Amino acid sequence: MPPFLLLALRVLAGMGGVMLIVTTMSAAIRSFVLPRNEVVRLNVSVFQGIRLFFDLAAKLANSYGRRDKIMAHYAPVALVALPIVWETLMSLGYTALYWAVGVGDLKSCYELSGSSLLTLGTAKTYGMWLNMLTYSEAALGLLLLTLLLSYLPTIYQAFSRREVTVALLELRAGTPPTAACLLNWLNHDGSVQNDDQQWAEWERWFVEIEESHTSLPILTFFRSPQPGRSWVTSGGLILDTAALLFAAVDGPRPRQVEITFKAGCLALNRVYRFFDDKARTEPTDLLPEEDTVEPGRAEFDAACAELTDRGLVLCDDRAAAWAHYKELRTRYASALEFLSRLTMAPSLKIAT
């Protein structure tokens, strides 16, 4: 090979190695250090690639329970795979750098890169500049693992806080949970006007969902410990309960419920836009019997009948109430449907 051509290849390899290293470190920093929701295309590619295998396995399952069990492993596997991909790309980047500075053939460069990255010390180096390269690789390799390990507690703390509210909601809304049952529980003392503390807790929960599930998007795919639970279903249940209260129950709107409803709509829509617009994530097609179904007039009337039996005073004009309920639901229905399909969440009902 002519010397000038070899020199050009070494320059290109060195530039490519530097770009690969910078891209990998940028992905790690933006994933776990940057305190805002930013799409990291490298991470998205990793998650989507792993999701293909889990989607294939889930489609072969013949029940929701089996699919839920399979998909429960997706988020943890993807999270563990992330540093493996980062380390691999880092090793390839430094392999190109070592070859660019003339360490030896590709095999020798790869061995030196692996030895430095994993701090094994199996390959010796000579010269100050080469030692600086190997030391920097060892430092960056440790930094990548440290970033993930240090943020694992943060991820699981956010997951735990989310799931506590989901579990408490199931106790109040029945099994399977319904908006009518939850509204009846709120009316346990004969009034739905004095539960501001409960609605304030749900408002705070929605705010945490918006912040954590866009800054740490892998949290979206962590499934609840119980197959019948889902943070998406729980969020939709709270919003359906508020919409049912506004549309059907006769009386003034509690101010705290309005704030919670607004916070919930914003949270679901912002998580939805993050995955749909920014990450360009396509939800998995579920089996026909498990597609998200928009509540119909018959289900709404059944919910109203259940509320009347429990002593709530409803609006006389049932048609106007139904129209109002549908209008309120349009504010979050698209986000709820998308996230339900994306996370394979169980179906939601407003009445038993």
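A residue counts as buried when its relative accessible area is under 20%, as exposed when that area is over 50%, and as partly exposed in between. In the predicted model described here, Leu 9 has a relative accessibility of 35% and therefore counts as partly exposed. Leu 9 is located in helix α1, which covers residues 3-32. Together with Phe 4, Leu 5, Leu 7, Val 11, Leu 12 and Met 15, Leu 9 forms a nonpolar patch on the surface. The accessible area of these residues together is about 700 Å².

Helix α8 is made up of 20 residues, 196-215. The distance from its first C-alpha to its last is 29 Å, close to the 28 Å expected at 1.5 Å a residue. Several residues of α8 are buried, including Trp 199, Trp 202, Trp 205, Phe 206 and Ile 209. Gln 198, Ser 212 and His 213 are also among the buried residues of this helix.

Side chains of opposite charge can pair when their charged atoms come close. The whole structure contains 11 salt bridges. Two of them involve helix α8, as described next. Glu 208 forms a salt bridge with Arg 161, with 3.5 Å between the closest N and O atoms. This pair links distant parts of the chain, since Glu 208 belongs to helix α8 and Arg 161 to helix α6, 47 residues apart. Glu 208 is partly exposed because its relative accessibility is 32%, and Arg 161 is likewise partly exposed, at 43%. In a further salt bridge, the side chains of Glu 210 and Arg 270 meet at 2.6 Å, N to O. Here Glu 210 of helix α8 is linked to Arg 270 of helix α10 (residues 255-278), 60 residues apart. Arg 270 has a relative accessibility of 37%, so this residue counts as partly exposed.

A salt bridge also joins the side chains of Asp 68 and Arg 223, at 2.7 Å from N to O. Asp 68 lies in helix α3 (residues 64-71) and Arg 223 in the loop between α8 and α9, so the pair ties together parts that are 155 residues apart in sequence. Asp 68 is buried, with a relative accessible area of 8%, and Arg 223 is buried, with a value of 15%.

Four cavities of 30 Å³ or more are present in the structure. The volume of the largest cavity is about 120 Å³. Its lining comprises 16 residues, and those closest to its centre are Thr 220, Phe 221, Phe 222, Arg 223 and Thr 343. Helices α6 (128-173) and α13 (333-343) each contribute at least two residues to this lining.

Key: Residues are numbered from 1 along each chain as its sequence is written. This is a predicted model: local features need pLDDT of at least 70, side-chain atom pairs count only at pLDDT 80 or more; totals for chains, interfaces and linings use all residues. Side-chain values use heavy atoms; hydrogens and water are left out. Patches are made of residues with over 30% relative accessible area and no salt bridge: like charges are joined within 9 Å, nonpolar side chains (Val, Leu, Ile, Met, Phe, Trp, Tyr) within 5 Å. Accessible areas come from the Shrake-Rupley method with a 1.4 Å probe; for residues, only the protein chains shown count as cover. A salt bridge is a side-chain nitrogen of Lys or Arg within 4 Å of a carboxyl oxygen of Asp or Glu. Helices (H or I, at least four residues) and strands (E, at least two) are DSSP runs, numbered from the N terminus. Buried means under 20% relative accessible area, exposed over 50%, partly exposed in between (1.4 Å probe, protein chains only). The expected span of a helix is 1.5 Å times one less than its number of residues. On a 1 Å grid over the protein atoms alone, a cavity is a set of points where a 1.4 Å probe fits but cannot get out, and a pocket is an open set with protein on both sides within 12 Å along at least five of seven lines; lining residues have an atom within 4 Å of a point. Grid points are joined across faces, edges and corners, and a volume is the space filled by probe spheres set on the points.
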